[in-house]
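This report describes one protein model, from its overall make-up to selected local features.

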Amino acid sequence: MTRPNPRQTAAMSAALSGAVDLSALKARADAARQAPSKPAAAPAGGAPVAGGPFVFDVTEATFQADVVERSLQVPVVVDLWAEWCGPCKQLSPVLERLANAGGGAWVLAKVDVDANPRIAQLFGVQSIPTIVAIAGGQPVDAFSGAQPEPQIRQWIGALLDALRDRLPGIAAAEANAQGGVEEVPEEPADPRIIAAEDAIERGDYAAAEQAYQQILATEPGNEDVKAALAQVKFTARAESADPSTVAKADADPSDVDAQLAAADVQVAQQQVGEAFARLINTVRNTSGEDRDKARSHLVELFGLFPADDPRVAKARRDLASALF
């Protein structure tokens, strides 16, 4: 499982300290340790989701109360995800099941990074899914990428063991659940998916793409795999892009390849509308093979997002106008 190095953890901690009022939390923490504790439930400010009572959505407006202050009682595991992210759709249901099985010994806070970019920036998120554990108002551990359920169970178990004496809500929730976290049956793992995820973990995007393509050869209607494949292709391009690509593209609008690479970088930086507009302008100002290249690249980027995403809907209208 990928863990942050010490510099990354320190950076997260420093960023979080600057974003929330940690000085006001010490008195609450001391009082919480002295007061009788009840099992944690979904916070009043958070929006409960279909995952259950210990899973809730968090926004930039509710982060302080729902994550930082709640983490004085029990660990809050923050799931940074996006609708267009295939691996996120594999990981989130596992986390939701385990959170509810835990009975409140820890809670899961889900953050849509597209809707809440400042939270993603706060943690210095470079890829999703990213999972960050918060305890006592500070990040204490993290990992990135979809992981097998046994490894996630092990990670959560180690997290609870390390924090049980520090956070009063853990023991209270475990006592309420009569001695521990309920075991839930694991869903059989698809070895083909595991092979693709292992390749992603190694950074071997070509192998991951091949694994997903092999699945689609026999299951052409598998939408989850299609989404994962699109994400892998995009991630490979975005990670290999030169950071100066956007400036280069801005300086030479006639360089079509630079426009495509710049659009990838902008999507990776969550500047989705800007990326779409860049490629639509390229379509409008080119012809022939260059125009088709820009159009095809834009359509491929559309595939990273839900069909009803308003940014995609607008860009499709603008693309039609540019073409006709």
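The sections below treat the basis of the model, its overall features and then individual sites.

## Basis of the description

The model is predicted: local features need pLDDT of at least 70, side-chain atom pairs count only at pLDDT 80 or more, and totals for chains, interfaces and linings use all residues. Residues are numbered from 1 along each chain as its sequence is written, and side-chain values use heavy atoms, with hydrogens and water left out.

## Overall features

The protein comprises 15 helices and six strands; helices (H or I, at least four residues) and strands (E, at least two) are DSSP runs numbered from the N terminus. Of its 324 residues, 46% count as buried, where buried means under 20% relative accessible area, exposed over 50% and partly exposed in between (1.4 Å probe, protein chains only).

The accessible surface is about 15400 Å², and carbon and sulfur atoms account for 52% of that surface. Areas come from the Shrake-Rupley method with a 1.4 Å probe; for residues, only the protein chains shown count as cover. Among contacts (heavy atoms within 4.5 Å) between residues at least 6 apart in sequence, 68% join residues at least 24 apart.

Three aromatic pairs are present in the structure. Rings of Phe, Tyr and Trp (its six-membered ring) pair if their centres lie within 6.5 Å; planes under 30 degrees apart count as stacked, over 60 as edge-to-face and the rest as tilted. One of the pairs is formed by Phe 143 and Trp 155, which is edge-to-face because the ring centres are 5.0 Å apart and the planes stand at 85°. Since Phe 143 belongs to strand S6 (residues 138-144) and Trp 155 to helix H6 (residues 149-163), the pair ties together parts that are 12 residues apart in sequence. Phe 143 is buried at a relative accessible area of 2%, and Trp 155 is buried at 2% relative accessibility.

## Strand S4

Lys 110, in strand S4 (residues 107-112), is buried at 8% relative accessibility. Lys 110 lies over the face of Trp 81, 5.2 Å from the ring centre; the criterion is NZ of Lys or CZ of Arg within 6 Å of the ring centre and within 35 degrees of the ring normal. The side chain of Lys 110 also makes a polar contact of 3.3 Å with that of Asp 79. A polar contact is a pair of N or O atoms within 3.5 Å; within protein, one must be able to donate a hydrogen and the other to accept it, and residues adjacent in sequence count only if both atoms are side-chain atoms.

Leaving aside neighbours within four places in sequence, Asp 112 is in contact with Trp 81 and Ala 82. The side chain of Asp 112 reaches the backbone nitrogen of Asp 114 at 3.0 Å.

## The loop at Ala 146

Ala 146 occupies the loop between S6 and H6 and is buried, with a relative accessible area of 13%. Apart from residues up to four places away in sequence, Ala 146 touches Pro 87, Gln 90, Leu 91, Pro 129 and Glu 197. Pro 129 is in the loop between helix H5 (117-122) and strand S5 (130-135), and a cis peptide bond, with omega about 0°, joins Ile 128 to Pro 129.
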